[in-house]
Amino acid sequence: MAQIILVLLLAFNFASKEKSNKACYVTYETKGFEGREKFTVYVQDTGNTAYYYGFEIAHELDTSALVNTDQFRLQRANIYRFNGVAMEATGLKALANGESECVYRSKDAIDFTGGWHGDEKLEDVAFYMDEKLLSGEELSSSFTLRPCREFSYRQASKMFRTAREGETRKLKPVIEARREKRSVFRNSGYESQNKISWELNSTIAIGYMSISCIATDIGEFCQSDTSEVYTLDRSGDRKINDMGNTAYVWNKTNGTSVVVGSEFNINNDVAIQFIWDVTNYSKYYRNLVYDTPMEVKAGDLWSSRTQLMFKIG
């Protein structure tokens with residue numbers, strides 16, 4: 001009888017700990033990424049509350065002409081189990097390293113513009129916990145596992161014209177567009193809102209206003225609301241490839257999954273979504289530019305809202 005009571009008490013204590021776990025915890029390091037600021041935002045799985053997705057947002061800086069970046073960016077996310085004191089790594093990833101917010105590519109450009117690809121510099125950035133601004137004093141020192149309901153950051157940045165094919169001389173940086181980004185971390189995942197205001201007339205070949213580096217620990221199968229079920233076998237091709245705006249990706253082996261949904265202010269009905277099925281990730285894309293390169297004029301606005309909700313167990 002004593003043994004049964006002990007087992008029940010242990011089970012009760014464990015359940016109580018899980019019940020008391022907060023929806024979100026934030027760890028901040030003043031020198032967490034290459035000597036610069038880094039946030040790790042642990043968002044609770046809404047169904048299996050002992051598990052958390054640790055989204056890493058860091059200050060990237062590289063002033064070389066080839067990269068030209070100074071911005072905060074969502075880099076990756078690992079999956080953790082919270083023991084009531086510390087986050088324990090499960091060895092699983094939710095997001096692989098890469099771009100998981102927004103990029104575009106101009107016609108004949110040598111690379112994409114923005115985010116992981118560079119040619120973007122922040123003008124202003126602010127960080128919030130439960131919609132309360134974190135002050136400069138609060139961000140002057142590191143902190144660990146500060147509880148909250150949600151975390152968000154807002155960033156205004158300049159996006160510079162990426163060099164075109166055949167351009168050999170060094171060009172003076174020219175602002176092609178301005179970007180407003182708000183990324184919110186809550187409810188088993190995150191939401192990224194992006195606005196691109198064009199400063200120059202240009203021709204855009206690709207507009208990935210919705211993009212996310214879903215990890216292979218999540219990606220074993222995928223489908224959309226209208227497609228068949230595809231096996232993600234790292235073949236290098238595109239899976240789904242339709243005009244929907246919702247995709248489902250899951251891994252039966254790991255018991256993990258994610259639902260991705262997005263909305264654009266233009267071309268929302270014809271934008272193509274697909275999963276790029278490669279070794280590094282099962283990367284989700286949705287392209288605002290439909291069929292052929294798209295002319296934009298100074299003053300035009302593109303906007304998007306992308307949501308990802310993960311699940312484990």
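Start with Tyr42 and Tyr80: both are buried. This is a predicted model, by the way. The two rings form an edge-to-face pair. Their centres are 5.2 Å apart, with 85 degrees between the planes. Tyr42 sits in strand E2, residues 36-44, and Tyr80 in strand E4, residues 69-82.

Now a second pair, Phe274 and Tyr285. Their ring centres lie 4.9 Å apart and the planes meet at 15 degrees, so this pair is stacked. Phe274 belongs to strand E19 and Tyr285 to strand E20. Both residues are buried.

How many aromatic pairs does the whole structure hold? The search finds 26. Ring pairs also build a cluster, with Phe39, Phe55, Phe151 and Phe185 among its members.

Those names come back in the largest nonpolar core. It has 42 residues, and Phe39, Phe55, Phe151 and Phe185 have the most contacts inside it. Take Phe151: its contacts include Cys24, Val41, Ile57 and Leu134. A second, separate core has 15 residues, including Cys102 and Leu288.

Two charges next. The charged end of Arg146 sits over the ring of Phe143, 3.8 Å from its centre. Arg286 does this over Phe264, at 4.4 Å.

Last stop, Ser106, in strand E6. Buried or exposed? Ser106 has a relative accessible area of 1%, so it is buried. Its contacts include Arg164, Glu176 and Ile204.

Notes
Residues numbered from 1 in each chain as written. Predicted model: local features only at pLDDT ≥ 70, side-chain atom pairs only at ≥ 80, totals over all residues. Heavy atoms only, no water. Core = buried A, V, L, I, M, F, W, Y, C linked by side-chain atoms within 4.5 Å. Buried < 20%, exposed > 50% of the residue type's maximum accessible area, 1.4 Å probe, protein only. Contact = heavy atoms within 4.5 Å. Helix = DSSP H or I, 4+ residues; strand = E, 2+ residues; numbered from the N terminus. Phe/Tyr/Trp six-rings, centres within 6.5 Å; stacked < 30°, edge-to-face > 60°. Lys NZ or Arg CZ within 6 Å of the ring centre and 35° of its normal. Lists of a residue's contacts leave out its neighbours within four places in sequence.
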